[in-house]
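Please follow the explanation below alongside the sequence and the structure.

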Amino acid sequence: MRDHGGNLDEAMAGFGGTAADWIDLSTGINRQPWPVPPLPPEAWTALPTKRALAALIEAARGVWGTEAPMVALAGAQAAIQLIPHLAPPGRARVLAPTYNEHAAALRAAGWAVKEVSRLEELAGADLAVLVNPNNPDGRRIEPEALLALLPQVGRLVVDESFGDPDPALSLAAGCGRPGLIVLRSFGKFWGLAGVRLGFAIGPAADIAALAERAGPWAVSGPALEIGRRALLDTAWAEATRQRLAENALRLDALVARAGWELIGGTGLFRLYRTPEGTAAQARLARHRIWSRIFPARPDWLRLGLPGSEEEWKRMEAALKGPKTFGTEEAAVLSRLLHWRRDVRHFRRDPVPDEVLRRLRVAVDSAPSVGNARPWRIFRVEDAGLRSAVRVEFARCNGAAASLYSGDQARTYAKLKLAGLEAAPVQFAVFTVTDPDAGHGLGRQTMPETLRQSTAMAIHTLWLAARAENLGLGMVSIVEPKRIEELFEVPEGWEFAAYLCLGWPAFSDDTPLLHRNGWQQNCATDWEIR
């Protein structure tokens with residue numbers, strides 16, 4: 001899956017605001033960029049010249065201490081997409097977890113890609129790829145270990161895109177050896193990702209082949225001029241390394257107070273273990289701070305470093321706790337509870353994706369026994385499945401109606417007990433009765449707490465939906481085993497609820513069961529013993 005940081009459009013869709021409102025810490029790009037001076041007009045108006053390109057390469061060689069052949073490209077990403085075409089497709093291995101574009105580009109070019117977790121497993125590959133220091137966990141591999149690996153692979157690509165805060169880790173000075181290609185990024189450390197500038201350093205034949213594939217004018221005139229000037233500003237670079245090192249420790253200390261655990265990182269980003277990554281991301285997003293989460297590792301959250309003191313203050317506000325609430329928040333919750341309804345009458349208008357995303361984030365915050373999170377939710381879009389659920393409801397509803405007689409039977413017949421025909425969004429919810437998550441905590445003597453946890457998740461969704469002015473209705477007049485069969489769920493999954501979600505056809509603070517004379521509310525029986 002090719003997902004990335006920098007997806008600020010998703011942040012705004014889910015949590016509102018404009019781009020100017022947000023602090024984007026999802027990318028690991030330096031938030032205090034090199035100050036770009038006015039550029040000469042010809043940088044904008046003329047085609048890039050060979051002289052300007054040569055001046056940029058000379059400046060880059062000085063920064064990274066290498067005389068090896070080098071090509072400038074439109075970002076390190078351009079090199080990642082070109083390198084798979086240096087040789088016929090074969091066996092590629094990528095040291096994972098890491099930046100997912102390497103494996104994606106190789107697969108797209110026809111390579112057989114295997115992702116491995118240990119450095120020695122790269123041996124034997126026709127093309128081996130690793131990121132050093134690694135994204136997202138900051139894993140470091142010393143240059144000596146990489147040089148020892150080089151003779152064991154056909155070609156070794158070392159992506160040093162996040163390497164500028166720690167120059168001692170670089171293999172750039174050793175480039176020129178057969179089979180070794182080093183990639184460098186300009187945009188991250190210098191904080192100018194929009195310039196789109198990166199470099200590949202390696203053997204003359206490989207670099208010439210990359211330059212040929214990139215074509216003429218692979219780098220724009222402004223990028224050539226900005227890159228050259230920034231690379232020559234060694235005083236700025238040294239001061240930035242010092243600042244990033246101090247700020248990395250500052251962020252670690254700040255995050256530790258929130259109870260998150262440092263996994264690793266670089267001077268440009270930090271990776272933390274959180275109780276739940278999506279909930280942690282939402283917590284920061286409510287303060288207009290965007291972060292990076294990882295679908296394959298739900299407890300991971302990556303943060304770039306805040307830049308200005310104003311950004312640091314906002315981060316501190318987002319992480320400080322515990323949060324206290326005032327009478328206004330309590331009144332809002334009271335209104336939500338009062339106006340919550342088991343809705344059966346829906347308009348057919350669609351529910352926007354950004355609203356559904358906010359509801360999903362809300363459910364991720366629901367409590368569960370041992371943090372087992374045993375609920376599994378299917379969003380039901382298949383017309384055949386929806387039709388089968390309606391048939392099952394009709395069958396069970398007819399059987400239930402036969403249990404009543406007289407006035408009660410007539411009242412039952414008047415009740416609308418499902419919104420299956422009109423609800424635009426429908427969910428089937430199941431409980432995993434023996435999940436690995438949670439390690440059994442809290443449920444050894446009361447296994448029913450798993451089902452109670454799912455009920456809490458549904459109730460959380462119910463209130464969150466009401467806060468979005470949506471209605472939610474539960475369809476309970478179905479046979480659970482039949483629903484489990486329809487959805488072909490694994491053994492050990494129990495049907496919990498079928499939910500209809502959408503815009504209510506009307507708003508009413510009187511429940512329909514009250515209005516139809518079926519059952520009035522009664523006070524909870526509270527006792528002191």
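Arg-288 is found in the loop that runs between helix H10 (277-285) and strand E11 (289-290); helices (H or I, at least four residues) and strands (E, at least two) are DSSP runs, numbered from the N terminus. Phi of Arg-288 is positive, near 60°, in a residue other than glycine. The model is predicted, with local features needing pLDDT of at least 70 and side-chain atom pairs counting only at pLDDT 80 or more, whereas totals for chains, interfaces and linings use all residues. Residues are numbered from 1 along each chain as its sequence is written, and side-chain values use heavy atoms, with hydrogens and water left out.

Two cis peptide bonds may be considered next. The bond from Ala-96 to Pro-97 is cis, with omega near -5°, and Pro-97 lies in the loop between strand E3 (91-95) and helix H5 (101-108). Asn-132 and Pro-133 are likewise joined by a cis peptide bond, with omega about 0°. The loop holding Pro-133 is the one between strand E5 (127-131) and helix H6 (143-149).

The protein is divided into domain 1 (49-232), domain 2 (250-319) and domain 3 (327-516), with bounds that come from an automatic or database domain assignment. In the unreviewed UniProt entry, the annotation "domain: Aminotransferase class I/classII large" covers residues 64-313; such annotations may be inferred rather than shown by experiment, feature names are shortened, and positions are given in the numbering used here. Over residues 64-313 the chain is 33% helix and 23% strand, and the end C-alpha atoms are 35 Å apart.

Pro-136, Asp-137 and Phe-162 supply 53% of the area that domain 1 buries against domain 2, more than any other three residues. Across this interface the rule finds zero salt bridges, a salt bridge being a side-chain nitrogen of Lys or Arg within 4 Å of a carboxyl oxygen of Asp or Glu.

Methods. Buried area = accessible area lost by both parts, 1.4 Å probe.
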